[in-house]
Amino acid sequence: MSPRKILAMMTATAALIAGPVLTAHASDATATTDSTSARSAYAGQARDAGLSAPQAARLQQRVDAVLAKDPAARQVSANRMTTAGGALTLAAPGQGEARDLASPDTALACGHGHLCITDGQGNNYDFYRCGYYDFWGIGDGTFHNNQTSGTRARFYNDNGSERWSNVAKSTGTASWTPVYHIRPC
């Protein structure tokens, strides 16, 4: 088993043991109330999307694991987060493809100027800011480099060496497990 898969299993296990990660300070009553209110709204979105209570709890644990890894990440719906580089939409249990549970009837699109990736678990990464970002995708999936023609997206190994690159506009498939960092442009 690859070190990345072992790390993913350890992270998932830690999230199950630790439970939800609270992003608000316990001493700030307003932030706690806002956090509780948001969690309730996200649970409602999951319920409206047909997720059972255990499925919704597992999804929230996955969101919490991402929030713990990325201090810039902010949860904006039951399964969607904004990140330093763009957005991440986790595939909900039972979904064939990732859809934002805040508007589940709308398919995710890769806008002009974006680099979009769907990993082997159905999670959708949408990069629209230049920079160097950690990447947690696993398995075989697809990419759509919908940036300005000629913009080069770079994909890096765990040691920071470039693994491969792709010039926009382009689509294709890739194994995401060995990719640890991405520079969209």
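These are my notebook entries on what I looked up in this structure.

**Entry 1: ground rules**

I am working with a predicted model, in which local features need pLDDT of at least 70 and side-chain atom pairs count only at pLDDT 80 or more, while totals for chains, interfaces and linings use all residues. Residues are numbered from 1 along each chain as its sequence is written, and side-chain values use heavy atoms, with hydrogens and water left out.

**Entry 2: the overall plan**

I looked up the secondary structure and found three helices and 11 strands in the chain; helices (H or I, at least four residues) and strands (E, at least two) are DSSP runs, numbered from the N terminus. Reading along the sequence, I noted the pattern α-α-α-β-β-β-β-β-β-β-β-β-β-β.

I then checked burial, where buried means under 20% relative accessible area, exposed over 50%, and partly exposed in between, with a 1.4 Å probe and protein chains only. By that rule 41% of the 185 residues of the chain count as buried. The chain exposes about 9,500 Å², of which carbon and sulfur atoms supply 54%; accessible areas come from the Shrake-Rupley method with a 1.4 Å probe, and for residues only the protein chains shown count as cover.

For contacts, meaning heavy atoms within 4.5 Å, I looked at those in the chain with a separation of 6 or more, and residues 24 or more positions apart account for 54% of them.

**Entry 3: the sheet**

In what order do the strands of the open sheet stand? I wrote down seven strands in the order S1-S2-S3-S5-S4-S7-S10, with antiparallel pairing; two strands pair if DSSP finds at least two bridges between them. Strand S1 (74-75) and S10 stand at the edges with a single partner strand each, so one side of each is left without a neighbour in the sheet.

I followed the sheet through S3. Strand S2 (residues 80-82) and strand S3 (residues 86-89) run antiparallel and are joined by three bridges, and a hairpin of three residues leads from S2 to S3. Within this pair, Met81 stands opposite Leu88, and Thr82 has Ala87 as its bridge partner. S3 is also joined by four bridges to strand S5 (residues 124-127), again antiparallel, and there Gly86 stands opposite Phe127.

**Entry 4: the nonpolar core**

I next looked for nonpolar cores, each a set of buried Ala, Val, Leu, Ile, Met, Phe, Trp, Tyr and Cys residues joined through side-chain atoms within 4.5 Å. The largest has 28 residues, and those with the most contacts inside it are Met81, Ile117, Phe127, Phe135, Phe155, Trp176 and Ile182. Helix H2 (29-48), helix H3 (53-69), strand S4 (114-118), S5 and strand S8 (152-156) are the elements that give two or more residues to this core, and H3 gives the most, with five residues.

H3 has 17 residues and reaches 25 Å from its first C-alpha to its last, close to the 24 Å expected at 1.5 Å a residue; the expected span is 1.5 Å times one less than the number of residues. The buried residues of H3 include Ala56, Leu59, Val63, Val66 and Leu67.

**Entry 5: the disulfides**

In one of them, the sulfur atoms of Cys110 and Cys116 are 2.2 Å apart, and the link is right-handed, with 95° about the S-S bond. Cys110 is buried at 18% relative accessible area, and Cys116 is buried at 7%.

Cys130 and Cys185 form a disulfide with an S to S distance of 1.8 Å, and this link is left-handed, with -120° about the S-S bond. Cys130 lies in the loop between S5 and strand S6 (133-134) and Cys185 in the segment after strand S11 (181-183), so the pair ties together parts that are 55 residues apart in sequence. Cys130 is exposed at 54% relative accessibility, whereas Cys185 is partly exposed at 30%.

**Entry 6: a cis peptide bond**

Lastly, I noted that the peptide bond from Ala168 to Lys169 is cis, with omega near -5°, and that Lys169 is in the loop between strand S9 (162-167) and strand S10 (170-175).

Note on methods
Disulfide = S-S within 2.5 Å.
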